[in-house]
Amino acid sequence: MIGNDIVDLEQAATDSNWKRPRFLDKVFTQQEQDYIFSAEDPHQRVWLLWSMKEAAYKVQVQQFGTRFFNPKRLECKLLSIKKGLVSIGDDTYFTRSEITKDYIYTIAKQDKAQKVNTSMFKTEYPAYKTQSDTLKHNFLKAISKKEGVAFETLDIKKTAAGVPQVFSNALKLSTSFSLTHCGRFSGFAY
Amino acid sequence: MTKEELIAKLKTIVQPYIQDEDAFKNLNENTDFINDLKINSANLVDVILDVEDEFDIRIENDDMEKMISVKAAMDLVNEKLAAT
């Protein structure tokens, strides 16, 4: 199973102030706070760790179907600048991130050897609805090609836990996938 | 504090972070912060910090875990206020 998460660094700087009192303590373990304060660019490091947690959380929810909000329970370990591990209790997920000055894009996998197809892109009109529709459209185009099913038959529905699933007519496809968008950027992975 | 007053306070708190106006207008006990209001998860941390400030309470991470809907937030605030 797979999860992904993108952070638009400019958008994150506008939307969130991780320097506000108690923010870091709510979200990051001591080890993670050490990663942040030893980084050359703490802002980038905050959002790298955040995207790792989000991507891993998306795998966890697909696996167990239970939502929760407790970012600190997902513990990050950095193996290199791009690679990391995220642990939630007994489960560990493997992450790989792409870090640029504009965005951070992380993919988390349950199985380290799993092959991943992914695409990320910039949207001109970052209104929530437009971006979400463009993302779904692009993802379904890719799935249509991969599965050899007509685009018109495809649809995305969310489970009660908010996990998106793809259907061709009434038939659920087994493909594990993940969608993400933030600010100017969107991405899908399967 | 009545139920209506509490909902009104929560509504003011979440307003800066919502991304779905219709769901916000119809905000009620069953509204989900993420699925309905489309609050991004980093801003959910802000919602929790704002709730702490507004009601002068502290929410531990284990309590925070459930805080994904208006109903859950109301229960938690009531519980914390009753304990003070």
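In which sense do E2(A) and strand E3 (residues 83-88) of chain A pair, and over how many bridges? The two strands pair in the antiparallel sense, over 4 bridges. Pairing requires that DSSP finds at least two bridges between two strands. Helices (H or I, at least four residues) and strands (E, at least two) are DSSP runs, numbered from the N terminus.

The model is predicted: local features need pLDDT of at least 70, side-chain atom pairs count only at pLDDT 80 or more, and totals for chains, interfaces and linings use all residues. Residues are numbered from 1 along each chain as its sequence is written, chains are lettered from A and ligands numbered from 1 in the order in which they are written, and side-chain values use heavy atoms, without hydrogens and water.

A hairpin of 4 residues joins E2(A) to E3(A). Cys76(A) has Val86(A) as its bridge partner in E3(A). Side chains alternate along E2(A). Cys76(A) and Leu78(A) point to one face and are buried (under 20% relative accessible area, 1.4 Å probe, protein chains only; exposed is over 50%, partly exposed in between).

Helix H3 (residues 30-37) of chain A has the buried residues Glu32(A), Gln33(A), Tyr35(A) and Ile36(A). These lie on the same side of H3(A) because they cover an arc of only 155 degrees around the axis, taken from the directions from the helix axis to the C-beta atoms. The face turned away from the buried side carries the exposed Gln30(A) and Phe37(A). The cover over the buried residues of H3(A) includes helix H2 (23-27), helix H4 (42-64) and strand E2 (75-78) of chain A, where contact means heavy atoms within 4.5 Å.
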